[in-house]
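Have the picture open as you read.

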Amino acid sequence: MTGPRTEPDGVVSALADADDAIVESALRPRRLAELIGQDRVREQLSLVLQGAMGRRRPPDHVLLSGPPGLGKTTLAMIIATELGASLRITSGPAIERSGDLAAILSTLAEGEVLFIDEIHRVARPAEEMLYLAMEDFRVDVVLGKGPGATAIPLDIAPFTLVGATTRAGLLPAALRDRFGFTAHLDFYEPAELGIIVRRSAGLLGVRLRDDGADEIAGRSRGTPRIANRLLRRVRDFAEVRGDGVVTRDCARAALDLYEVDESGLDRLDRAVLSALVSRFGGGPVGLSTLAVAVGEEEATVTEVAEPFLVRVGLIARTPRGRVAAPAAWQHLGLPVPGRIAWGPGGPDGRAAEVTLFD
Ligand code: ADP
């Protein structure tokens, strides 16, 4: 879920905007069997849940990691539904003090599922309270202050914590180790996104042809949230400019209008790529210089454009700066120069290996 935002970065941002938040609840798969893709996670989780139900005990705590928009919140909801348990939802930034967490933990019903989104952002003192709660189903309520303070142990009902994080690396090992089951969600294949888009079209009453679904899937950056958003933009286009049916041509025309290209790159991504290739000969170039060249803040370049460009192997971050892979020239329809900083890259000209040095 990753906190709905009112100012989206653009039509291909993986973060939810206010509009997404409303539509998404209608589009979420409700049961594990309805979930598309993530086959291994689905199978593993199914065993964890069935095992626990057989023993009539709450399952191990579950940690879900992976980039935004891939289904972490959806899975948390599915876990509660499969267990027939109720679900309490909160997020790391909402837990500023240990008292915030104690108030939630002490009112959990037996077997309830507690979902903490962005769990890497839980404040430190609350995190320690979480350790005890996860391990011993106990919280220490501290009465008084200073040397006279006393901790009164309070038993809480056995529950299952589902934590979600986009930054598993930021979680302290002590917290990570207390999750009995950890699942990493990966980006989806275009074929899976095609199925997701078709399913969403059915739920939203959009008339979608298979080739239209494939076109949307291919431009969705491996992310169901983006696929569902592009579907809504394309539907508007089909209804206003066409006969309401989303075909390949209609999807192409709509997404070209929104400046989302065949690989899912948007205007900013292409600006970064084109500055790197045309103005700096493919780099290496420092972040601040690149940001000035595209007229954006450094953070916009690193947080919005680069993760996807790096992931698809069009650019790489090296100790000397950003460099373009041969595929970057190809993507822009330019001839690949003989000598470039990155070297030959992979067989398709994409950065074969990505080095993160920031
Ligand atoms: P996250 O919590 O990881 O940011 P969400 O669970 O909020 O992502 O998912 C975003 C949207 O994508 C939801 O509306 C959901 O409908 C859709 N979605 C995510 N994963 C799947 C999936 N495997 N199958 C179908 N739809 C999915």
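This is a predicted model: local features need pLDDT of at least 70, side-chain atom pairs count only at pLDDT 80 or more; totals for chains, interfaces and linings use all residues.

Start with two strands that sit one after the other: β10, made of residues 315-318, and β11, made of residues 321-324, run antiparallel and are joined by four bridges. How does the chain get from β10 to β11? A hairpin of two residues makes the link.

Now zoom out. The chain has 14 helices and 11 strands, and its C-alpha atoms fill a box of roughly 70 × 50 × 35 Å along the principal axes. Of the 358 residues, 48% are buried. What about contacts between residues at least 6 apart in sequence? Of these, 67% join residues at least 24 apart.

How is the chain divided up? There is domain 1 (38-184), then domain 2 (190-257), then domain 3 (267-355). The centres of domain 1 and domain 2, taken over C-alpha atoms, are 36 Å apart. These two do touch: four residues of domain 1 are in contact with five residues of domain 2.

Next, find helix α8, which covers residues 210-218. Which of its residues are buried? They are Gly 212, Ala 213, Glu 215, Ile 216 and Ala 217. Look at the spacing in that list with a bit of helix geometry in mind. An α-helix has 3.6 residues a turn, so residues three or four places apart point the same way. And what do the buried residues of α8 pack against? Their partners are the helices α7 (190-204), α9 (224-241) and α10 (248-257), along with the strands β8 (207-208) and β9 (245-246).

One spot to look at is a nonpolar surface patch of about 300 Å², made by Val 141, Leu 143, Ile 152 and Leu 154. Two strands, β4 (138-143) and β5 (150-155), each give two or more residues to this patch.

Take Leu 154 as an example, which you will find in strand β5. Is Leu 154 buried, exposed or partly exposed? It counts as partly exposed, because its relative accessibility is 36%, and that class lies between the buried cut-off of under 20% and the exposed cut-off of over 50%.

Technical notes:
Residues are numbered from 1 along each chain as its sequence is written. Side-chain values use heavy atoms; hydrogens and water are left out. Patches are made of residues with over 30% relative accessible area and no salt bridge: like charges are joined within 9 Å, nonpolar side chains (Val, Leu, Ile, Met, Phe, Trp, Tyr) within 5 Å. Accessible areas come from the Shrake-Rupley method with a 1.4 Å probe; for residues, only the protein chains shown count as cover. A salt bridge is a side-chain nitrogen of Lys or Arg within 4 Å of a carboxyl oxygen of Asp or Glu. Buried means under 20% relative accessible area, exposed over 50%, partly exposed in between (1.4 Å probe, protein chains only). Two strands pair if DSSP finds at least two bridges between them. Domain bounds come from an automatic or database domain assignment. Contact means heavy atoms within 4.5 Å.
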